[in-house]
Amino acid sequence: MSKIGLFYGPEGGNVDKVAKIVAEKITTKKVEVHLVKETDAEKLAEYSNIIMGISTLGKHTWSSDNSGNDWDNFLPKLNGLDLKGKKIALFGLGDHIAYADFFVDSMGDLAEAIKPTGAEIIGQVSDEGYEFNESRAFVDGKFVGLPLDEDFESDLTEERVQKWLDVILPEFE
């Protein structure tokens with residue numbers, strides 16, 4: 001049985017909540033959970049199957065010093081990493097009401113950072129049932145991963161996560 005590495009950040013809040021939901025719903029494989037702020041990117045090499053969770057920071061944080069952001073410190077460590085043969089599924093948190101022009105943008109940025117590693121990104125999601133104006137995570141008619149809005153659509157999270165897992169888990173070896 002192959003294990004799944006679940007890497008997420010930040011700790012606490014909505015990403016943390018959803019990471020726990022994802023890990024609890026995966027019953028067919030062992031899931032090892034890692035906070036990106038406590039993990040080195042080389043840890044990714046230990047897994048063939050990887051899930052990553054990220055949030056999109058709101059406008060109130062854009063003008064502040066963002067150097068302490070968990071992912072801002074982790075993403076540069078992906079440079080030069082060889083993840084060929086690995087499958088990575090992404091989920092991203094955003095606010096489709098207050099930030100409809102930037103909905104789950106960080107998930108799109110994460111996908112762009114992963115591309116040079118050679119890993120295959122799986123688990124793209126249709127925009128059906130989502131309301132937003134713009135998103136860097138919306139590419140070629142689909143989201144690069146699972147978008148979630150815990151601020152205004154938390155009642156949809158469990159169902160969306162389960163449908164997404166039903167798609168990605170069979171793709172994991």
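Biologist: How many bridges join strand 3 to strand 4?

Modeller: This is a predicted model, in which local features need pLDDT of at least 70 and side-chain atom pairs count only at pLDDT 80 or more, while totals for chains, interfaces and linings use all residues. Residues are numbered from 1 along each chain as its sequence is written, and side-chain values use heavy atoms, with hydrogens and water left out. Strands are DSSP runs of E with at least two residues, helices are runs of H or I with at least four, and both are numbered from the N terminus; two strands pair if DSSP finds at least two bridges between them. Here, 7 bridges join strand 3 (residues 49–55) to strand 4, and the two run parallel; Leu 93 in strand 4 is the bridge partner of Ser 55.

Biologist: Which residue in strand 5 stands opposite Ala 89?

Modeller: Ala 89 stands opposite Ile 122, and strand 4 and strand 5 run parallel, joined by 3 bridges. Strand 4 also pairs with strand 8 (residues 146–148) in the parallel sense over 3 bridges, where Leu 93 stands opposite Leu 148.

Biologist: Why is strand 4 described as largely enclosed by the rest of the structure?

Modeller: A residue is buried under 20% relative accessible area, exposed over 50% and partly exposed in between, using a 1.4 Å probe and protein chains only. In strand 4 (residues 87–93), 7 of the 7 residues are buried, so the strand is largely enclosed by the rest of the structure. Lys 87, Ala 89, Phe 91 and Leu 93 point one way, whereas Ile 88, Leu 90 and Gly 92 point the other way, and all are buried.
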